[in-house]
Amino acid sequence: MQIKALNPFCGGAGQEKGIRSGTENVFGALAFAKCLTKYFISEENEKAFALYQAQKKITEDFVKRLSELAGATIIPPSRLQKPELFSPYVVQAAFKNIPGNVMLRALDSKGYYISTGSACSSRKNNRPVLEAMHVDGPLRETAVRFSFGPLTSPSAIEDLFKAVSEVNGTFN
């Protein structure tokens, strides 16, 4: 049953297709809870937890090795000191003398698909996430994102690192 707001000043009458704000999708919440129980990364879900722990180690190694490349900057730099605060599935880095789009195309030609920003910012010319992080303009222009998924193998990440090293070596 949908409850429509009678008073347009009750705050939110125009939201969610005219449904009064505060109306909850109870069945959606229950379905989401079931999915979380089945797939959520926790110690109770041993398989998902083991994959997550392995990905953390692989990504930490990738980040550390990237940071050792000439002209490379990990964004934010605090990721190197506190890797546990960051997702092991997304890494942001910048490479001196290599505009993000150049790195993107160079890796694309080698069969690797990275991005210069988040999907939600794909139609924007600026880099709102990096701006919100107070990353300066020149560094934003050389930044790229590496995304990993549950099917990304350690050998694929190693091959990606080698490709990034080659491209970086060409410019630095």
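Buried means under 20% relative accessible area, exposed over 50%, and partly exposed in between, with a 1.4 Å probe and protein chains only as cover. The model is predicted: local features need pLDDT of at least 70, side-chain atom pairs count only at pLDDT 80 or more, and totals for chains, interfaces and linings use all residues. Residues are numbered from 1 along each chain as its sequence is written, and side-chain values use heavy atoms, without hydrogens or water.

Start with the surface. F27 is exposed, at a relative accessible area of 71%. F27 belongs to helix α1, residues 26–39. Helices here are DSSP runs of H or I with at least four residues, strands are runs of E with at least two, and both are numbered from the N terminus. Together with V26 and L30, F27 makes a nonpolar surface patch of about 360 Å². A patch takes residues with over 30% relative accessible area and no salt bridge; like charges are joined within 9 Å, nonpolar side chains (Val, Leu, Ile, Met, Phe, Trp, Tyr) within 5 Å.

Now the whole chain. It has six helices and three strands. From the N terminus, the order is α-α-β-β-α-α-α-β-α. Of the 172 residues, 27% count as buried. The accessible surface comes to about 11,500 Å², and 58% of it belongs to carbon and sulfur atoms. These areas come from the Shrake-Rupley method with a 1.4 Å probe; for residues, only the protein chains shown count as cover. Among contacts with a separation of 6 or more, 61% join residues 24 or more positions apart. Contact means heavy atoms within 4.5 Å.

Helix α2 comes next. It covers residues 46–67, has 22 residues and reaches 32 Å from its first C-alpha to its last, close to the 32 Å expected at 1.5 Å a residue. The expected span is 1.5 Å times one less than the number of residues. The buried residues of α2 are A48, Q55, T59, F62, V63 and L66. Seen down the helix axis, they fall within an arc of 95 degrees, so they line one face of α2. The arc is taken over the directions from the helix axis to the C-beta atoms. An α-helix has 3.6 residues a turn, so residues three or four places apart point the same way. On the other side of α2, E46 and K57 are exposed.

What does the buried face of α2 pack against? Its buried residues meet α1, β1 (72–75), β2 (90–95), β3 (143–147) and α6 (154–171). Take F62, buried at 2% relative accessible area. Beyond its neighbours within four places in sequence, F62 is in contact with V91, F146, F148, I157, L160 and F161. Q55, in the same helix α2, is buried at 5%. Q55 touches P88, Y89, F148, G149, T152 and I157, again leaving out residues up to four places away.

Helix α3 also has a buried side. G100, M103, A106 and L107 are buried there. Seen down the axis of α3, they fall within an arc of 130 degrees, so they line one face of the helix. Their cover includes β2, α5, β3 and α6.

Most residues other than glycine have a negative phi, and most peptide bonds are trans. I75 and P76 are joined by a cis peptide bond, with omega about -10 degrees. P76 sits in the loop between β1 and β2. N97 has a positive phi, near 70 degrees. It lies in the loop between β2 and α3 (100–108). H134 has a positive phi of about 65 degrees. H134 is in the loop between α4 (128–132) and α5 (137–141) and is exposed at 71%.

Last, the charges. There are four salt bridges, each a side-chain nitrogen of Lys or Arg within 4 Å of a carboxyl oxygen of Asp or Glu. R65 pairs with D61 at 3.8 Å between the closest N and O atoms. The two are four residues apart in helix α2, about one helical turn. K64 pairs with E68 at 2.7 Å. E166 and K110 meet at 2.9 Å, N to O. E166 lies in helix α6 and K110 in the loop between α3 and α4, so this pair ties together parts 56 residues apart in sequence. Salt bridges that share partners join D61, R65 and E158 into one network.
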